[in-house]
Amino acid sequence: MKNEIWKHSIRHLLMVCLLLVGSFWLVSCEDDYIYDDQEPEWLGESIYDYLVEQQRFTNFVRLIDDIGYGEVLARTGSKTLFVADDAAFERFFTDNPWGVGSYQELSLAQKKLIMNFGMIDNAYLLGTLANYNSGGLVEGAAIRRTSALSPFDSIVYESGNILPSSPYWEPYRTSGLYMLTDQTSKPIMYFLQRPLENAAISDADFKLITGVERQNGDAHLFDIKVVEADVTCKNGYVHILEEVMLPPLNMAEHIRSNERTQIFSELLERFSAPYYFSQWDQDYKLVNPDFTDTLFVKGYFSRNAANGPTTYPDGTTVPVDLRLIFNPGNNNYSNGPLQADMATLLAPSDAAMQEYLATGSGAILSERFGSWEGIPDNIVIKFLDRHMRTSFLESVPARFDKMSDGSNNRINITSGDIQNTYLASNGLVYETNAVYPPNDYVSVYAPVLFGANTKIFNWIINRLDYTFYLNSLVSRYSFFVPTDEFFENYIDPFTIGKNVPGALKFKYNESTSNVNAIIHAYDPETNTVGDSIGVVNYGNPNQPNEYNDFILNRLWDILDNHVVVGDVESGSAYSLTKGGTLVKTEGSGMGLKVMGGGDLERDVTVNVTDVYEQENGRTYFIDKPIQPPLRSVYSVLSQNEAFNSFFELLTGFPVNHASEIFVRKTNYYGVDFNVKFFNTYNYTVYVPTNDAVNAAIEAGLIHPWNSSPERPGIIGINEMESQEEQQAAIKELERFLRYHFQDNAVLISGEPVDQLYQTATIKLDDAPSKFGTYKNKYYKVEVSGDGSDLSVEMEGNGVAQVLTENNLFNIITREHVFNANPGGYREVDGSGTGTLYNQSRITTSSSVVIHQIDKVLIFKE
């Protein structure tokens, strides 16, 4: 179905344009012209009589007579007419875009264009043109007004290579077609003193925009000066122009006709099509009965349905991401009331467009697509968006230093970039000697956007509007991108706690332009992935919506953990991803290898296949997804005998006791058990050796949970007879243990460190501490090292050393939080009972590094 709003609006405009004399809207911003039906005695002549009697407007009078408009301008009514005298016409005949050398050479159509474009169907003094009504009087802000020119005055016939190269025009390339380049009348634009002042447009701005000088109080229509204003007649006002005024082209048509901006025009024309409206065709044939062909209207796909078409000629919807910010062919375009503003286009010259492809970020485009013609529409439109400005007033030279695009990214344009300007019917065109590529073209996102084998990541980036993050040129990123052919065998952390663990392979579906997830059984013992046991298709109408959410959830988690803020080649062996997980890197450039915690667990290396240097960092294409950690703190400590003594202390708390360290509760489920006080952050856990824990118990620093013959005289907490004594011992043990949990993940990474960090134990008294911790604040530790070691100084006496000889340091884990207990969901192969696996979600997580240390940490002397 054609866009109904657009159809009704153009039908309404047509009827307005066809009115010659009749009822006029009288608004408060117009001059109070009360003589519509009677002639005042003190006015002796009409507009027509005035022009005849002056004897210096003979050419203009001939226009009026030839068009048959003399009677209208000789009777009562209300008109505003902009005229040029005979001297101006003589200059016009020596140099004009139509190539006519005398009045006799003017066609009837050309005469109508001059006459009707210079007329407004209401009486306006020059001063009142600055006002308009928009739900109330707005004074001193108008810069445009609808003229009496009918859209039917500008019918064109085009065929062959003149037509745009997009497929919508192909059926008419041989036969040609008659069309309106727009369905609305061309407004008159004027520069008056008050609107210029109110919009803070300086005389210097005006000169750059128009190419002419102005002085205070001057008035111009486009770049033509008003030399005599407010000639009062009985049926309106006459304003005399310095030169003959012709209706300008709209922005799109000007760029198309300008031999210096052909490349940019061809990109713009891709998003246009011919539309047939029977009512327009019929109305034109009523006025022109000799016309027997078909009349079309040219439209540019627009995101605003009131401004242009949102459907293709066959009635199907144009995808939103293939619509222009506005219709550059709409004469009446304005981002608000027509009188108040118009648009601006930055149109780079062909030379600038070619130079861009040959250097810098444009070279990637050239390498990938060869030429501007080869760049796909979804990429081209991002370039066009950057060069289309919805407001003329916000795009004048004085505001160049504040100019930004729709994503609030700066556009680095200067006055020196402007080669030529053109005031079109619907806006200003700056012809520039530079291009202004969108951040999509220069950021770490660009290689993904341009890539032929990065469709999966490009899909999720756009689904999540993630470009706002990746396109920021303020930060620097290292962005790892698994290419489509390698996007498989991602082990789903949710399934690690199930009887049938699962791995996911993601595949881009060309037919649906979506991503599917193929589920495979995974064997952790052999680290092998089996055959497919299920498929989740995004956008499949036969699957519930949670299947879509499942894919988005997993890919979001993967994407977050492939972005590092900073340079991974800066010297540190470990980096924190945006998703909060740690990755290890070795080497540089094409020799860079990266490993997530899950890769380190399984001794898997992720290799870089391509590197792209971008304005805000580097994009690395890799041969498999980075696997975040699959193990939790609980699983690491429980599965290594070297951590037994500390682990026994951590897990001995009574179930649901307030001091409990590891928990699994409703709405807080992990792979197994989570550390209760961890949030979405990164942490370090220092695990004393078994001997160090036993020494602390024997020294009476803490009580064990149970008595032991090996420790005669030491009473276990569970054997304490006094409830009060038992609870005090539990609390003291909790505080002792929590002092080994530190905010911020600190690793032996090749870079020196010397910093204070908070622990998870709160200070309860006012006594001074070594690191100046106040009451009700967290005790601290001071961590230092030269890049190859770490030592941990306590608030109490002593320094613990991180042990490196047994490889029990830099153990990377991840504390997942899922929407429910993995054990309560069906297995990934569909077996069992319970809620579907596809309803599982990764809610959040924290990253944790574990180090073994040679002694316990004490916060009191």
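In this predicted model, the protein exposes about 35500 Å², of which carbon and sulfur atoms supply 47%. Buried residues account for 57% of the 861 residues.

The fold contains 24 helices and 38 strands. Its radius of gyration is 38 Å, well over the 29 Å that the globule rule gives for 861 residues, so the protein is more spread out than a compact globule. The C-alpha trace spans about 130 × 60 × 45 Å along its principal axes. Of the contacts between residues at least 6 apart in sequence, 67% join residues at least 24 apart.

Charged side chains come next. The protein carries 64 positive and 110 negative side chains, and the centres of the two sets lie 2 Å apart. Side chains of opposite charge can pair when their charged atoms come close. Across the whole structure, 36 salt bridges are found.

One of these salt bridges joins arginine 214 to aspartate 203, with the closest N and O atoms 2.9 Å apart. Arginine 214 lies in the loop between α8 (203-210) and β9 (220-221), while aspartate 203 belongs to helix α8, so the pair ties together parts that are 11 residues apart in sequence. Arginine 214 is buried, at 7% relative accessible area, whereas aspartate 203 is partly exposed, at 37%.

A second salt bridge, between aspartate 440 and lysine 382, has an N to O distance of 3.6 Å. This pair links distant parts of the chain, 58 residues apart: aspartate 440 in helix α15 and lysine 382 in helix α14. Aspartate 440 counts as buried, at 11% relative accessibility.

Finally, Glu158, Glu253, Arg256, Glu269 and Lys298 are connected in a network of salt bridges.

Definitions and conventions. Residues numbered from 1 in each chain as written. Predicted model: local features only at pLDDT ≥ 70, side-chain atom pairs only at ≥ 80, totals over all residues. Heavy atoms only, no water. Helix = DSSP H or I, 4+ residues; strand = E, 2+ residues; numbered from the N terminus. Rg over C-alpha atoms; globule rule 2.2 N^0.38 Å. Buried < 20%, exposed > 50% of the residue type's maximum accessible area, 1.4 Å probe, protein only. Contact = heavy atoms within 4.5 Å. Areas by Shrake-Rupley, 256 points an atom, 1.4 Å probe, with all protein chains shown as cover. Lys, Arg positive; Asp, Glu negative; His and termini not counted. Charge placed at Lys NZ, Arg CZ, Asp CG, Glu CD. Salt bridge = Lys/Arg side-chain N within 4 Å of Asp/Glu carboxyl O.
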